Amino acid sequence: DEDGFLYPATDSNKCVRCGRCVSVCPFNNENKNEKPQEFFAAKSKTPSTVKASSSGGAFYEISKVFCDDNYAVFGAEMTENLKVCHGFITDFSGISKLQKSKYVQSDTGDSFKKAKEFLDVGTKVLFSGTPCQIAGFKNFLGKDYENLITVDIICHGVPSQQLFDKYLSELSEKLGEKIISFTFRNKKNFDKKKTNQKTVLIKTESGKEIVREVLQCEYLAAFHEAMFYRPSCGECPFAALQRTGDITLGDFWGAEKFFDGFDDGRGVSLVIANTAKGKLLLEKADMDFIVSDAETASAYNAQLKKPASAHKNRDKFFDLIKTHGFCESVRECMDIPSPLRYGLYKIKTSIKK
């Protein structure tokens, strides 16, 4: 649509009105697991894996034990032209392209079909994505596969690729050169005592590396405030404890309050085993685990309880961006300090500390 969000469409000349598309729609058939779940705080035993991950390295370690023989792993990747889409690997050495958070709606393309082709010939498949994508995929398959593991993420909501492209275009123009890499979750100061897990890392064509904190990055600041999620995200039925995947992954926000000494500030994963298959795979992963519960896991993960509420100025933002720049529209709708004010804010905070 005009805001860049993808919607399904039918070819009226070919449609026979069988109703199949409606029956597999995840919003009509949510496909949630109803079995008892097990909750864990987890992190990889390898520091370099944690550093290369958004949180505690759970996706990497789970994929590693899964990828023993005849496998394919699907997940969101960012292509060379900075488009977010679903890709897959059949060689674990390429797992890095599926790691880390991408705060853009991933275009699944023909990944459902490709995954089914692998499954039908006996190849093991690990398919990761947002819970609505996992539900849609399982509905598309129409049956259970013993050789399939699904992993859903705790999702806040998804912006469109069109919005991200607009932001990148403005940023490139401001920097005076092309952006070739954008990391949404860069672990600044990883080797120090406290890591800032909410910085972006931008790499340009000339080799320049730029690190920006949330309030210095209009896209990330607006994302965290639900400024431009897809409209349906505000009424998402999957923002709940009952999940769609065999395993659920996310950040264990607030871990330092619940597990003394376990959180070193570098990232802790929240891992939920939703099925027996999921639990069995987790038992093989090379991670440190602490048993938790639903109440603790959802204390600082609101989207395990309810969908994210859209920002009060969401409609205003989408009206503004039709005639104004991305950054200008965000600043008009949010109280983001200017670079000078932000610098003074940082100095004031440092003095207080």
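**Close-up views of the predicted model**

**View 1. The residue following helix H5.** Just after H5, Gly142 adopts a positive phi of about 80°. Helices (H or I, at least four residues) and strands (E, at least two) are DSSP runs, numbered from the N terminus. This is a predicted model, in which local features need pLDDT of at least 70 and side-chain atom pairs count only at pLDDT 80 or more, while totals for chains, interfaces and linings use all residues. Residues are numbered from 1 along each chain as its sequence is written, and side-chain values use heavy atoms, with hydrogens and water left out.

View 2. Helix H5 (residues 131-141) is largely enclosed by the rest of the structure, because nine of its eleven residues are buried (under 20% relative accessible area, with exposed over 50% and partly exposed in between; 1.4 Å probe, protein chains only). Among the buried residues are Gln133, Phe137, Lys138 and Asn139. The cover over the buried residues of H5 includes helix H1 (20-24), E3, helix H4 (111-120), E4 and E5.

View 3. Eight strands, in the order E3-E2-E4-E5-E9-E10-E1-E11, form an open sheet with mixed pairing (two strands pair if DSSP finds at least two bridges between them). Strand E3 (84-89) and strand E11 (287-292) stand at the edges with a single partner strand each, so one side of each is left without a neighbour in the sheet. From one strand to the next, the twist averages 25° (axes are lines fitted to C-alpha atoms, for helices over the stretch in contact, and angles run from 0 to 180 degrees between N-to-C directions).

**View 4. Pairing of E1 with E11.** Six bridges join strand E1 (residues 38-44) to E11 in the antiparallel sense. Ile290 in E11 is the bridge partner of Ala41.

Note on methods: Contact = heavy atoms within 4.5 Å.
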